[in-house]
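Welcome! Open your viewer, get ready to select residues, and let us walk through some charged pairs together.

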Amino acid sequence: MGLGLIASRALKPAILYRSSRVLASQFPITRTITSTPELQNPEAAAAPDSPPDLPPRTPLAGARVHFHKPEDAIEVFVDGYPVKIPKGFTVLQACEVAGVDIPRFCYHSRLSIAGNCRMCLVEVEKSPKPVASCAMPALPGMKIKTDTPVAKKAREGVMEFLLMNHPLDCPICDQGGECDLQDQSMAFGSDRGRFTDMKRSVVDKNLGPLVKTVMTRCIQCTRCVRFATEVAGVQDLGMLGRGSGEEIGTYVEKLMTSELSGNVIDICPVGALTSKPFAFKARNWELKGTETIDVTDAVGSNIRIDSRGPEVMRIVPRLNEDINEEWISDKTRFCYDGLKRQRLNDPMIRGADGRFKPVSWHDALAVVAEVAHQVNPEEIVGLAGQLSDAESMIALKDFLNNMGSNNVLCEGNGSHPCADLRSGYLLNSNIAGLEKTDVFLLVGTQPRVEAPMVNARIRKSVRATQAKVGYIGPATDFNYDHQHLGTGPRTLLEIAEGRHPFCSAILNAKNPAIVVGAGLFERGDKDAILAAVETIAKLGKVVRPDWNGLNVLLLNAAQAAALDLGLVAEGSSKSMESAKLVYLMGADDVKLDKVPDDAFVVYQGHHGDQSVYRANVILPSAAFSEKEGTYENTEGCTQQTLPAVPTVGDARDDWKIIRALSEVAGIKLPYDTLGAIRSRIKIVAPNLCNMDGREAATFPTSLKPVWSEKMSMGGFGSAVENFYRTDSITRASKIMAQCSGSLLKKKKEN
């Protein structure tokens, strides 16, 4: 048997030779000889092949590549297309620069690299198997192939594993229509699966009143865990178990307590974490999106309001690298249900029996105009609320000035704010500039509750560069390492005199920053405190031609524009105590106990909040989601809101109400349109007409006169007592009330 096999192998070449000769005789083959000029020219043969002319590609989502040093640029080839990228880029980032979209679930550009979903597999030349592009650093000359059969088969296999235990919940899942798993399974998955056993199930977790969990849908990408740990700064979520028993959860049964917790809804690629208030309310294709800004704090986060008909259904963040990146606070995201509760629909006048009765606009304005003419001009006081836009504030100021009164104030700025120098009330280093800071001194401010997005930048700087943070104020909860230096002005004086150990940190810092809380504006010794802060800035070289680290963190959306427009009272600080006509334009947090009992109070606003109980006349106005208005955030960036839904009832825009009142009163204001009133704003504060622009303060605070007033040694207080209930919209919100209850319960437990 063995000899026969050997003989057949020996005879096979001879048989093949004979058969080939027979074929050649029957089917003659014509051989073509071509001449290659390059081979006849040795110099041309030695020249390298020129790259083919490829069409230009644009990076994904308009991404821009910044080279810190030109010599650090390296060149890689993505599907044959040459791309120049900085050293340290990953293969996935190189593909994005080349305009190639790589599927991914666990990778997120603002989180650390996990590399555990394996959906981003690509083929790299000379690599024995596909590599995870999110975790592989790009090397010079690397040749990356993203569309080969090997890469496609690898992605199909990964997708099959991911869908193995994923439930078929798409018809009832709130993520349907905007789900990464849906999109990528259609684009990169197979048309069938081979898994026939029972799918596993996981118990849902209770993360609080904001985030709904269906953990059976979870694919263990760990985005939520990394966000909570790295950005939000809370150790609430983690990965538990091994193998098929692996799941995301809280280590002990507790709620997620971060003020940024709602962002896990956006970064979750599947329907495991969704919005609890939005559950089963609408599909994303039913909604109309309106790009606008948030007004619940002074940051001016960029948001998109999704509405259906006359109702706001949800609020989601909008990308802005200079302000909020792609995060928003829970108050911004979930306060929208307050926009439809406790709203004022019609003009009303309080009758003799103390009850309000609806009247026409003409009757309500006629009553206010009559009272305005009956009182002395110096007895008229106007107060703009914390949600007021620039148009309404300039209209209120012009109206009261024409009536002969200069008593126009803004809520939160104190009775006599110093509005002479813009550098004295702005965040001069800008929100994005805080990332360059290596030493922070926080004076009387708690950024975690006053401006969560500013606090996120500070935490980012602390994590990236180990920046030092010193804090002067009442004991509070920070989500990064800090030194609690003291509780009041005594510590501030010690630093100003160079007697405090923290002075050495400020003196040795490259880019030190001092952040003063706007809550100090309500103190009687605010000028002395600011003088001490300016002394520290001078000693520590906080203000230089190339760096301005002397900052004020404002509390409300209207404060910066009000100070730019000059809403500053001229005269006695007791103007409220002697007022006979008080005009409240959305001012709900002002204390009216000092107002005389016989004073006539006009409330112009959109919610039946605290000031309504003292009002004699109510004029309903539009909320920020229903009007076009100009706002300036704490760093001096001018932005505008756009109407997403129609106004409620018979409400009108604030500036239109004041314009109509001026005509009834016989002192007609000279503008009828939004363009005309903005022309008026341009005369008073031109920077407010530079949309999305920042005009830096021209003059430093060192030009202020030396202040010699004595400083009170009383400790600094908390400007925000309850993060979830700070204005008329959030106080009307049922969701914010639930969050506030959870917060109070947590405080009692601690």
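Buried means under 20% relative accessible area, exposed over 50%, and partly exposed in between (1.4 Å probe, protein chains only). This is a predicted model, in which local features need pLDDT of at least 70 and side-chain atom pairs count only at pLDDT 80 or more, while totals for chains, interfaces and linings use all residues. Residues are numbered from 1 along each chain as its sequence is written, and side-chain values use heavy atoms, with hydrogens and water left out.

Start with K627 and D389, whose side chains meet in a salt bridge (2.7 Å, N to O); the term stands for a side-chain nitrogen of Lys or Arg within 4 Å of a carboxyl oxygen of Asp or Glu. K627 sits in the loop between β26 (617–620) and β27 (629–632) and D389 in the loop between β15 (380–384) and α11 (390–403), so the pair ties together parts 238 residues apart in sequence. Helices (H or I, at least four residues) and strands (E, at least two) are DSSP runs, numbered from the N terminus. Is K627 buried or exposed? K627 counts as buried because its relative accessibility is 4%, and D389, at 2%, is buried too.

Next, select R448 and D477, a salt bridge with its closest N and O atoms 3.3 Å apart. R448 belongs to helix α12 (residues 447–450), and D477 to the loop between β18 (468–472) and β19 (483–486). R448 is buried at 10%, whereas D477 is partly exposed at 46%.

Finally, pick R457 and E325, which form a salt bridge (3.9 Å, N to O). Both R457 and E325 are buried.
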